[in-house]
Amino acid sequence: MTKRVVLIGHPVAHSFSAQMQQAAFDALGIDARYELQDTPTPALQETIEALRGDDFLGANVTIPHKERAATFVDRKSEDASATGAVNCITRDGKRLVGHNTDVNAFRVSLDALVGKQKMPRAAVILGAGGGARAAVYALITMGFQRVIVFNRHLHRGEGLVKHFSRSAAHMELRAMPWHESVIESELSRTRVLVNATSVGLASDETPIPAELLAPDLLVMDMIYNPPETRLLRDAKAAGATAVQNGELMLLQQGMDAFQLWTGQQAPADVMRQKLTEAREAGTGRTPAEMA
Ligand code: NDP
């Protein structure tokens, strides 16, 4: 029987995961099919319940469902438990196990962004959804001393900070209101800026004005499609040399998920190559392009 893995999200059409994962299954001769399953929020529980069937190897979960999905699995890995967000689901018999491979993927991605420089100890995160939770938890475990979270709806940022109150007890983790002057002041005290909002995914918008970006900032945008968001273009125009999109994070979270579903080491070169091809071909259309 051909096994199934689905990407559960809304939207999902921008995703490169299908090309990347299908190429990995094919390269290792695994009889499995990776499908995009656009799932509006009311259908989320039912979609996750269906994963208990024998035909499923598991699933990926993406925007905007990572936190809600954590409430529908039977058991959670340490990273999923710590973040309260699930981006990967495996089956253990009929039981569903939630994982969060974004945490390790963010670490790998930040290491690459920082390169040979000394790892900074302070960061500003824009956003407070599932991706932001993975980033914040990774920063906590990497020894960051000050992490400031800005979110459009402050209460969600405050919820994130409360969620991590115990694991971040030794450091300063705060949610602040989304005011440009406050963001500007915080950016002047930090080297790392991470966009974990979806602003820039569906349109050529940026979460913060270009004037707030300084040349010495290390800027990561978790968005990988489009490959160069307006935020990254603005950062480069401001003189920033270290900028990175979400492609490496996507690759790493996908490799870790592949290993969880199949028990086999992911074919990194095949997956990387497929991502490059997808980017160059412009497949995985952005919602803006589809509108
Ligand atoms: P969620 O839906 O959980 O969170 C979305 C976030 O974006 C929230 O903080 C939300 O703020 C914010 N947001 C949405 N619209 C606006 C707006 N118009 N202005 C300001 N803020 C806004 O999504 P995820 O956390 O799962 O994903 C966020 C982004 O990160 C997506 O683009 C996703 O593709 C990317 N990502 C990439 C990964 C990779 O592997 N490269 C991994 C994880 C995420 P509010 O709470 O106020 O609504």
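Buried means under 20% relative accessible area, with exposed over 50% and partly exposed in between, using a 1.4 Å probe and protein chains only. Helices (H or I, at least four residues) and strands (E, at least two) are DSSP runs numbered from the N terminus. This is a predicted model, where local features need pLDDT of at least 70, side-chain atom pairs count only at pLDDT 80 or more, and totals for chains, interfaces and linings use all residues. Residues are numbered from 1 along each chain as its sequence is written, and side-chain values use heavy atoms, with hydrogens and water left out.

**Exercise 1. Which residues of α6 are buried, and what span does the helix reach?**

Step 1: start with the length. α6 covers residues 130-141, which makes 12 residues.

Step 2: check the span. From first C-alpha to last, α6 reaches 17 Å, close to the 16 Å expected at 1.5 Å a residue; the expected span is 1.5 Å times one less than the number of residues.

Step 3: go through burial. In α6, 11 of the 12 residues are buried, so call the helix mostly covered. The buried ones are G130, G131, A132, R133, A134, A135, V136, Y137, A138, L139 and I140.

Step 4: look just past the end. There, G143 takes a positive phi of about 90°.

**Exercise 2. Where do the buried residues of α5 fall, seen down its axis?**

Step 1: get the geometry. α5 (residues 102-114) has 13 residues and reaches 18 Å, close to the 18 Å expected.

Step 2: list the buried set: D102, V103, A105, F106, S109, L110, L113 and V114.

Step 3: The buried residues of α5 fall within an arc of 160°, taken over the directions from the helix axis to the C-beta atoms, so they line one face of the helix. As background, an α-helix has 3.6 residues a turn, so residues three or four places apart point the same way.

Step 4: just after α5, G115 takes a positive phi of about 60°.

**Exercise 3. What is the strand order in the sheet with parallel pairing, and which strands stand at its edges?**

Step 1: write the order. The open sheet has 6 strands, β9-β8-β7-β10-β11-β12. Two strands pair if DSSP finds at least two bridges between them.

Step 2: find the edges. β9 (172-177) and β12 (243-244) each have a single partner strand, so one side of each is left without a neighbour in the sheet.

Step 3: zoom in on one pairing. β10 (residues 192-195) and β11 (residues 218-221) run parallel and are joined by 4 bridges; V192 has L218 as its bridge partner in β11.

Step 4: α7 (residues 154-163) lies across β8 (146-151) and β9, at about 170° to β9. α9 (residues 230-237) lies across β10, β11 and β12, at about 165° to β11. Contact here is heavy atoms within 4.5 Å; axes are lines fitted to C-alpha atoms, for helices over the stretch in contact, with angles from 0 to 180 degrees between N-to-C directions.

**Exercise 4. What is the strand order in the sheet with mixed pairing?**

Step 1: the order of this open sheet of 6 strands is β2-β1-β3-β5-β6-β4.

Step 2: β2 (32-38) and β4 (75-76) stand at the edges with a single partner each, so one side of each is left without a neighbour in the sheet.

Step 3: compare two pairings. β1 and β2 pair in the parallel sense over 7 bridges, with R4 opposite R33 in β2. β3 (residues 56-61) and β5 (residues 88-92) run antiparallel, joined by 3 bridges; the bridge partner of A59 in β5 is I89.

Step 4: α1 (residues 17-27) lies across β1 (3-9), β2 and β3, running at about 165° to β2.

**Exercise 5. How many aromatic pairs does a search of the whole structure find?**

Step 1: set the rule. Rings of Phe, Tyr and Trp (its six-membered ring) pair if their centres lie within 6.5 Å; planes under 30 degrees apart are stacked, over 60 edge-to-face, and the rest tilted.

Step 2: the search finds 5 pairs. One of them is F16 and Y224, with centres 5.4 Å apart and planes at 50°, so the pair is tilted.

Step 3: F16 is in the loop between β1 and α1 and Y224 in the loop between β11 and α9, 208 residues apart. Both F16 and Y224 are buried.
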